[in-house]
Amino acid sequence: MAVVTLDRLSKRYERAHKPAVEEVSLTVADGEFMVLLGPSGCGKTTTLRMVAGLESISSGKLAIDERVVNAVPAKDRDIAMVFQSYALYPHMRVRENLAFGLRRRGVARPEIDQRVKDVAAALGLSELLDRRPHALSGGQRQRVALGRAIVRDPKVFLFDEPLSNLDASLRASTRQEIAKLHRRLEATMIYVTHDQIEAMTLGDRICVMHDGKVAQIGPPLEVYRRPASVFVARFLGSPPMNIVPARLDGTEDRLSALAGGGGFGLDGAVDPARLPADRAVLLGFRPEDVSLASPESGPRAIVQAVELLGAETIVSATLEGGGEIAVRAPRDLVAQPGEPIGLAVPPQALHLFDPATGAAIPRRAS
Amino acid sequence: MEVLRRSALLLALSLYTAFAAGPFVWAAMMSLRTTTEITRDHFALPIPAHFEKFPLAWFSSNYSVYFSNSAMIVLSAVLILTIVGAMAAHCFARYRFRLNRVLYFLIFSTIIFPPQITIIALFQILVQYGLYDTKAGLVAVYVAIQLPLTIYILETFFARIPSDLFDAARMDGYSEWAIFWRVSFPIALPAVATTVILNFILLWNEFLYAVVLITDEANRTLPLGIQRFMGDQLEDTGMIATGLMIAIVPVILVYAFFSEKLIQGMTAGAVK
Ligand SMILES: Nc1ncnc2c1ncn2[C@@H]1O[C@H](COP(=O)(O)OP(=O)(O)O)[C@@H](O)[C@H]1O
Ligand SMILES: [Mg+2]
């Protein structure tokens, strides 16, 4: 049972000219898996360390279950953290690494042994209990680090990029283990990553961070489908969303965005009252939402490169009148560089952004 | 070809061993001979061997007192040095506080002063505090002169321990004090062993401070005791050698006990 509330949490490091974390507000519900996602240096680790109590809070409030814990030291917060470097104690065997946190908390000896045994069995570590960390592989160390957190049965779990030191195949399987773990423990978890696949697959909700601020919070698919800004739109998705400058044309229900020598029909998807006065916008659409059409009418582009990935084909093209875009096309597409292609995007897959602020222009509620 | 290289290497090593161990073997031989025998022939073998010189030195020449004084003073100093030095090094390496580096270099810079510069002042200070000619006074001086180097060696090692380990221990519920004893100190054990050996050997053989700050027969340490066999006209060379052999035993024991840790410390990289 733990609800973690961050209320305008800020962190300013000594001698830094701007805050590393700025007014981050966020509530993680009991049992929720919250992912903090953002590029390197955006303040994810700092935020997590403030929650852990390893970093002092410059301003704002941090509460666990309604109780403000700003001044509570890390050791009394009943939070476990899995570090990016695993941080296993090199002078202790795996068994002692797992038991270290329980010893401190005055758990009885037989119970410690039992819990260590159970967790080791659950994570497949039983054979390794008497090894030192240096005699373990990367994946095994990672599991010991997980085990050390689980065995304590804390109120809140924190993960700081726990998979970033694993190779690709191990990363995928460990990701699924963590998802399973969350379902089994039903504990509140905050998970930091810069990997959008981890974020999409693990998170109940994602909090996208940018430059120390929250860019958007929501369930993974909602953040993917309704990005609140150009930054979020381009950070999630691979290849990222195409963003091109466009001008709005037409009135009311017959609005279209002019780009690439043609119009993308908006079909009433946006609220005309919220449009910028000069009608210049940034138009966004995901590579997978583009279907190829005849280049005779409508928006056009010239093919620059074709990447055959087997399951699909990624076409890079230059929009007529400027602007690089990517199109995710069926694998049987035959296209040559220099060839013109026509583009069609359904109205509900079009996104409009304010060119000045990068913020999304809201759609009409449908 | 291979044989030639091996022989050359063997020869070089033998020469070096003879060079390094020669004086030691010579002193060991002399420790079993009387001064009269030594004056007759400096390099003769100890035949007959006078083993009775050892009990003689120990019982009638007051060696038991010197030895236990030395043991008491040096062990206390090394213990204090190890604990205080490790704690200071831990703080310098781990905590960010104002003047951290300034203090660190201030302490470290004191090693540039040769003892001759400070010894008169030290003498006066000890007299003022009633510590002159006491074992406690000498312990305090020994701690003071060896602390900078101890902190320096340990700080370098502590600074290489990843800070995530400390953070993990904090998350595991440990206080800063407990983290020092249960995480930092055990991980730094190879470096600690290095400083223990270094301090022990240096202080066990220390002469200058002891001769200036100790006069009472009951407080003398081993190096001073050996000096007693050097009279104005006459030197009892045989007994000096015997005294040296007794004095060297603890050094060998300490080294043998800690050297495995010492090698670990020197090959470092123990933490990753
Ligand atoms: N201990 C520190 N002292 C000063 N600045 C720091 C410290 N830790 C991180 N920063 C700065 O704060 C910003 C956010 O860092 P961090 O939270 O580690 O980002 P992330 O985990 O998202 O990559 C970065 O600009 C980084 O340089
Ligand atoms: Mg980070």
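User: At what angle do H4(A) and helix H5 (residues 168-185) of chain A pack, and how far apart are their axes?

Analyst: Two packed helices are described by the angle between their axes and the distance between those axes. This is a predicted model, in which local features need pLDDT of at least 70 and side-chain atom pairs count only at pLDDT 80 or more, while totals for chains, interfaces and linings use all residues. Residues are numbered from 1 along each chain as its sequence is written, chains are lettered from A and ligands numbered from 1 in the order in which they are written, and side-chain values use heavy atoms, with hydrogens and water left out. Here H4(A) and H5(A) pack at about 15°, and their axes are 12 Å apart. Helices (H or I, at least four residues) and strands (E, at least two) are DSSP runs, numbered from the N terminus. An axis is a line fitted to C-alpha atoms, for helices over the stretch in contact, and the angle runs from 0 to 180 degrees between N-to-C directions.

User: How are H4(A) and H5(A) oriented to each other, and what is the hand of their crossing?

Analyst: Angles under 35 degrees count as roughly parallel, over 145 as roughly antiparallel, 65 to 115 as roughly perpendicular and the rest as oblique. H4(A) and H5(A) are therefore roughly parallel.

User: Which residues of H4(A) and H5(A) meet?

Analyst: An α-helix has 3.6 residues a turn, so residues three or four places apart point the same way. From H4(A) come A:Gly139, A:Gln142, A:Leu146 and A:Ile150, and from H5(A) come A:Leu170, A:Thr174, A:Ile178, A:Leu181 and A:Leu185. Contact means heavy atoms within 4.5 Å. By class there are 6 nonpolar, 3 polar and no charged residues. Ala, Val, Leu, Ile, Met, Phe, Trp, Tyr, Cys and Pro count as nonpolar, Asp, Glu, Lys and Arg as charged, and the others, Gly among them, as polar.

User: Is A:Gln142 buried or exposed, and what does it touch beyond its sequence neighbours?

Analyst: Buried means under 20% relative accessible area, exposed over 50%, and partly exposed in between (1.4 Å probe, protein chains only). A:Gln142 has 1% relative accessibility and so counts as buried. Leaving aside neighbours within four places in sequence, A:Gln142 is in contact with A:Tyr86, A:Pro162, A:Leu163, A:Leu166 and A:Thr174. A:Gln84 lies 58 residues from A:Gln142 in sequence, with 9.0 Å between the C-alpha atoms.

User: At what angle does H4(A) pack with helix H2 of chain A?

Analyst: H2(A) (residues 94-104) and H4(A) (residues 138-150) pack at about 30°, with 8 Å between the axes. They are therefore roughly parallel, and this crossing is right-handed. A:Val94, A:Asn97 and A:Leu98 of H2(A) make the contact with A:Val144, A:Gly147 and A:Arg148 of H4(A). The classes are 3 nonpolar, 2 polar and 1 charged.

User: Which residues other than glycine have a positive phi, and where do they sit?

Analyst: A:Asp153, with phi of about 50°, is in the loop between H4 and strand E7 (156-160) of chain A. A:Asp153 is exposed, at 58% relative accessible area. A:Arg15, with phi near 65°, is in the loop between strands E1 (4-11) and E2 (21-28) of chain A. A:Arg15 is exposed too, at 82%.

User: Which peptide bonds are cis?

Analyst: Among them is the bond joining A:Ser238 and A:Pro239, with omega about -5°; A:Pro239 is in the loop between helix H8 (230-235) and strand E11 (242-249) of chain A. The bond from B:Ile47 to B:Pro48 is also cis, with omega near -5°, and B:Pro48 is in the loop between helices H2 (35-40) and H3 (53-60) of chain B.

User: What area is buried between chain B and chain A?

Analyst: The size of an interface is often given as the accessible area lost when the parts come together. The area is about 1,900 Å², and carbon and sulfur atoms give 59% of that area. Buried area is the accessible area (1.4 Å probe) that two parts lose on being put together, summed over both. B:Met171, B:Asp172 and B:Tyr174 supply 36% of the area that chain B buries against chain A, more than any other three residues. The contact takes 18 residues from chain B and 26 from chain A.

User: How many helices and strands does chain B have?

Analyst: Chain B has 13 helices and 0 strands. Of its 272 residues, 41% are buried.

Note on methods. A crossing is left-handed if the near helix is turned anticlockwise from the far one by less than a right angle, and right-handed if clockwise.
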